[in-house]
Amino acid sequence: MLVLAIDTSTSTIVTGVVRDGSTLAERILVDSGLHNEELIPRIQEVLQEANLTFADLDAVVVGCGPGLFTGLRVGMATAAALGDALHIPVHGVCSLDAIAQRIDAPTALVTIDARRREVFWARYTEGTRTQGPEVAAPQSLTENADVVNVPEHLSDLIPAQGRRTYLHPTPAALIACADFQSPAEPLKALYLRRPDVKEPKPKPKSPAVPDVELR
């Protein structure tokens with residue numbers, strides 16, 4: 001099976017093609033933030049590097065967060081559009097689960113920056129999620145773990161003790177989290193909170209504007 005993997009849940013853009021567990025090509029743009037501009041060109045690059053076309057794909061796997069609203073929406077919308085155009089299944093996975101796939105330790109606390117002085121987090125035992133995903137202030141994460149995955153600028157704010165690292169999803173890790181034996185479910189984003197952008201409050205009508213009754 002040839003699978004395209006996509007993750008835009010963080011500022012790192014991840015995409016790659018994997019065949020039967022072997023990564024053929026991948027692009028990982030760390031701290032890019034240019035999801036809308038970079039994602040499709042990077043997908044085209046990995047396909048070209050692997051001597052493939054979109055028509056060769058059998059499925060798409062996409063990270064569904066938790067993550068920031070705008071970046072997450074770009075990846076999921078792209079995955080859904082490709083699946084619809086190519087008539088192939090699209091499997092959504094938890095992005096934190098993909099990070100945990102890369103951690104070789106009995107227990108792990110996986111966090112990513114959620115901004116607003118918060119983190120998205122989940123706990124794992126032997127690679128299986130036991131808590132989360134949730135959003136919280138980093139200072140509230142006090143339970144220790146063998147490995148604590150945390151961005152460097154937030155590391156000192158998390159009281160939980162454990163070996164510090166900061167990993168992102170990879171195409172192979174994303175695909176390892178997908179259940180290809182079950183039918184693909186509709187994609188559901190793990191936003192965990194409302195977006196930063198809000199609709200403006202309606203402005204009161206100026207008293208200089210007369211009421212007009214239309215008949």
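Begin with the largest nonpolar core, which has 23 residues; select Leu-4, Ile-6, Val-17, Ile-43, Leu-57, Val-60 and Val-62, the members that touch the most others. A nonpolar core is here a set of buried Ala, Val, Leu, Ile, Met, Phe, Trp, Tyr and Cys residues joined through side-chain atoms within 4.5 Å, and buried means under 20% relative accessible area (1.4 Å probe, protein chains only). Two or more residues of this core come from each of S1, strand S2 (13-19), H1, S4 and H2. H2 contributes the most, with five residues. Helices (H or I, at least four residues) and strands (E, at least two) are DSSP runs, numbered from the N terminus.

The model is predicted: local features need pLDDT of at least 70 and side-chain atom pairs count only at pLDDT 80 or more, while totals for chains, interfaces and linings use all residues. Residues are numbered from 1 along each chain as its sequence is written, and side-chain values use heavy atoms, leaving out hydrogens and water.

Next, select helix H2 (residues 69-86). Its buried residues are Gly-71, Leu-72, Val-74, Gly-75, Met-76, Thr-78, Ala-79, Leu-82 and Gly-83. These pack against strand S1 (2-7), helix H1 (35-49), strand S4 (59-63) and strand S5 (90-93), contact meaning heavy atoms within 4.5 Å. Just after H2, His-87 adopts a positive phi of about 60°.

Now turn to the second, separate core of 15 residues, which includes Ile-103, Ile-112, Ala-122 and Val-147.

Then display the open sheet of five strands, ordered S8-S7-S6-S9-S10 with mixed pairing; two strands pair if DSSP finds at least two bridges between them. Strand S8 (128-136) and strand S10 (163-165) form the edges, each pairing on one side only. Within the sheet, strand S6 (residues 107-115) and strand S9 (residues 147-149) run parallel and are joined by three bridges. To locate this pairing, select Val-110, which stands opposite Asn-149 in S9.

Finally, select Arg-123 in strand S7 (residues 118-125). Is Arg-123 buried or exposed? Arg-123 is buried, with a relative accessible area of 7%. A polar atom of its side chain lies 2.7 Å from the backbone oxygen of Glu-143. Not counting residues up to four places away in sequence, Arg-123 touches several residues, among them Ala-108, Leu-109, Thr-128, Thr-142 and Ala-145.

How values were computed
Buried < 20%, exposed > 50% of the residue type's maximum accessible area, 1.4 Å probe, protein only. Polar contact = N/O pair within 3.5 Å; in protein donor to acceptor, adjacent residues only side chain to side chain.
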